[in-house]
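Hello,

I am handing over the structure below. My notes on its charged residues follow; please read them with the model open.

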Amino acid sequence: MAFIRRKERSRERFSLLLLDLEEYYFEQHTAYHMIGNGSSSLPNRYNRGSLKICSKSVIFEPDEVNKPILKIPLKDCKRIEAVEENEGNPFKETKPACILVETKQVYLIKEGDVVAPYKYERGERNVIFQLDMPLKTEDVVQTLLQLHRASCLDKLGDQTAMIAANLQSRLARTSFDKNSFQSVTERPHMECEAEMVSPLVTNPGHVCITDHNLYFQPLNSYPDSVVQIGLHSVRRIYKRRHGLRPLGLEVFCTENDLCSDIYLKFYNTKDRDELYYYIATFLENHITEHTAESYMLQWQRGHISNYQYLLHLNNLADRSVNDLSQYPVFPWVISDYSSPQLDLLSPSSFRDLSKPVGALNTERLERLLERYRDMPEPRFMYGSHYSSPGYVLFYLVRMAPEHMLCLQNGRYDHADRMFNSVGETWKNCLEGGTDFKELIPEFYGTDSSFLKNLLSLNLGRRQGGGRVGDVELPSWASEADDFLQKMRAALESQHVSEHLHEWIDLIFGYKQRGSEAVAAHNVFHPLTYEGVIDCDSIEDPDQKIAMLTQILEFGQTPRQLFTTPHPQRITPRFHNVSSGTSLSTSPNDLSPASPSLDSFEDLTEESKMLAWSNMNKLTLQSSHKIHKEVVTGIAGTLSGTSIFSTSQDSTLKMFSKEGGGLQRSISFSNMALSSCVMLPEDKTVVCSSWDNNVYFYSIAYGRRQDTLMGHDDAVSQVCWRDNQLYTASWDSTVKVWKCVAADISSNKRANFELLAELEHESGVNTIALSPAGTLLASGTKEGSLSVWDVASCSLLHQLACHSGKIHQVAFSPDSRNILSVGEDSCLKVTDVQTGMLLSTVPAEDEQRCFCWDGNTVLSGGQSGNLLIWDLLSSKVLHKIPAHSGPVTCIWMNEQCSSVITGGEDKQIMFWKHQY
């Protein structure tokens, strides 16, 4: 991988990737982690290690490599203080000897020296450290208290400002140590503060440039006390945008390497420019500066390869492997990933390079264009970009697992959304409603490690039960190295050489913006383009940080290099492909690919696809008026034989689908019930109530089994996953409880342990879990949508989504998007990764509930009709008359073959597809 250097250091467990994004590592102290309370029954044990003081956390790295690294977020700390050592000598003054940290949560990282998703230990506890140099204890405590105050500030802008002030104070108290000069005769030209940038992290320190060398000295002396680059070895330098501001400088000591020798971010443009011009003046005497036009002429005449040319264009367009939001972008060039042999002489083997990925599928493009035409200004055709940090690490997770864990709050993506197959990924880029990603340079390099799980990472199991391992390759590739060799051959082939200029026009050239971009169907979200937003003009610090974070996570369009059509290559025909032969191995040498899903999963997926493609053929089977008030929730057994419904009439009803009759009616209190959910094994139904309680009903015993009194106002909705119960309430909280289904179903008295409390600014009306159970979405009475990380119970995104109450939220099957409906009569699609609102679809009347497959939506609204929507075209495809009043809830079985609706007309209706 480009940004993992070949000059491997001795393997260290700690790295800056253990920090949160935008967090700084300040200092470290040799220390002991004290375990025990000093009593005879639990004597103290001391784990020696390194205590790292960071701007948002405390990290302890034990010397013993099998013990986990401890990370304590400062925002979770309730108390930090120095504990005096009791020496038992009244005549000797006691000294502060230990640091006590009282916290609600501790992260356990790399336990057993294995890179894996972080573990969390929740619950209040005291963590005690003893410094190797006790006299520093008070200073360290004061530093931690100051940083703790910053982390507890309500506004993110205030937190950032206070941490920045702390950093600048540290930099002002130190200076570059000139004892690090390589020679006593060196003459310094300038010194300033800067940060060394690497993927996802920055490290502050001091820069010094002399007449011979460029130096960077990290404030924390990590990973080295000084970085030195000889000016005579410099081959290329580039000014960079960093965080959308002209503050970056990248220095290369090689001509064609992807990875630079240092990337610096300065605190002001003046320092950056002064250093740049000093090095540039020095280089004028040694190397020739290249522009986009000079590289273009070399490429036209065949002096540099297609790969080298794209590499240079990426560099000139601000793309760097040290900045994942602006990672180098390379094209998909092959379109055939299914044939046993790859024929590089056939045009049908190649992708149309004159079109962006989103325009390669004509049917999908038509749907996107319909939405685009109806969209208010500023309009865009694609709601996601072709390059973003998430996409880069999607490809590189096997080589850079710690980067993925850093980006995704200590967890991997769901196994089915991993980079499992080259062919599947290409297919999804052609057919997916929100997937338009291109490739990265590694696909045309020589290191195939990113395609193999060489680190034996546990990346999870797919739905079919198989573990995520190596990437599944096309049948025309015998193994990973052969795949890359064929990809390189395709990139340098005659066909690609004749058409590569068309792709350059789209990405770096005149079709990137304006009317030409519209004509080429190449219009992305306005925030992805350079210069559209001036973050410095945003006065509110919180808004500025939110806008910046959104833009960086979403991805950025390269700087425009050409404003006129790019010329075609004029070299003679290449001879890397022999006439009459195809570049492949014999089919006899290939082993058959094992299916990724078993036949049952295949049938389930086929059933879902068939059901959704025929949703317009939904036919009413029967209707039953079994409640006296509005129906609020529906749940069914796995077999579908028994249906449960809740109502504002305070009852839970059990209905026999086969017998067509009411079997049971249960009342827990005289207050309305708001929702219900079935626990695994179909033995228990959980109901939420307006009386602030959650009730557990045993189907087998026919009685209320347990009651959870957990809120201060009505409980609006419940959901359950992996022995955790999530309860939403009008008291402005979502609470997470330990709820072991096996204990409840076996009639044991449950121990409902409160694991987390997710606070909101107004009453929570609806919640939904992602299919993998790793994310939670919540919608409030005031229209705010929040996305939470379930593992850490931390807020990922929050946005004012609707102008009134949100009725329902739900994740798409791939967890990339969230659909919500609200009082403002709009359906809204939000991007999970960036928290950005992708689409707003107005409806004729207020929609109250829905089910969806990621593109097609079945919704019920105030009119009583069921509507079938195509979100890409933002149109209603079909209208089905249903209830005589508003539709209030929809339930669909796992195969999507059976639908049940409830309404204000007090009825439940059973629907089936008529194929």
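**Charged pairs and a surface patch**

Glutamate 27 and arginine 170 are both buried (buried means under 20% relative accessible area, exposed over 50%, and partly exposed in between, with a 1.4 Å probe and protein chains only). Their side chains form a salt bridge, with N and O 2.8 Å apart (a salt bridge is a side-chain nitrogen of Lys or Arg within 4 Å of a carboxyl oxygen of Asp or Glu). Because glutamate 27 sits in strand S1 (residues 25–35) and arginine 170 in helix H2 (residues 156–172), the pair ties together parts that are 143 residues apart in sequence. Helices (H or I, at least four residues) and strands (E, at least two) are DSSP runs, numbered from the N terminus.

The model is predicted: local features need pLDDT of at least 70 and side-chain atom pairs count only at pLDDT 80 or more, while totals for chains, interfaces and linings use all residues. Residues are numbered from 1 along each chain as its sequence is written, and side-chain values use heavy atoms, with hydrogens and water left out.

How many salt bridges does a search of the whole structure find? The search gives 37.

Another of these pairs is aspartate 318 with arginine 559, whose closest N and O atoms are 3.0 Å apart. Aspartate 318 is buried, at 1% relative accessibility, whereas arginine 559 is partly exposed at 28%. Both belong to a network of salt bridges that links Arg240, Arg241, Glu250, Asp318, Glu530 and Arg559.

Aspartate 416 and arginine 462 also pair through their side chains, at 3.2 Å from N to O. Aspartate 416 is partly exposed, with a relative accessible area of 23%, and arginine 462 is buried, with 13%.

On the surface, Asp712, Asp713, Glu757 and Glu759 gather in a patch of negative charge (patches are made of residues with over 30% relative accessible area and no salt bridge, like charges being joined within 9 Å and nonpolar side chains, Val, Leu, Ile, Met, Phe, Trp and Tyr, within 5 Å). Glutamate 759 lies in strand S27 (residues 753–759). Glutamate 759 counts as exposed because its relative accessible area is 60%.

Regards

Technical notes: Areas by Shrake-Rupley, 256 points an atom, 1.4 Å probe, with all protein chains shown as cover. Lys, Arg positive; Asp, Glu negative; His and termini not counted. Charge placed at Lys NZ, Arg CZ, Asp CG, Glu CD.
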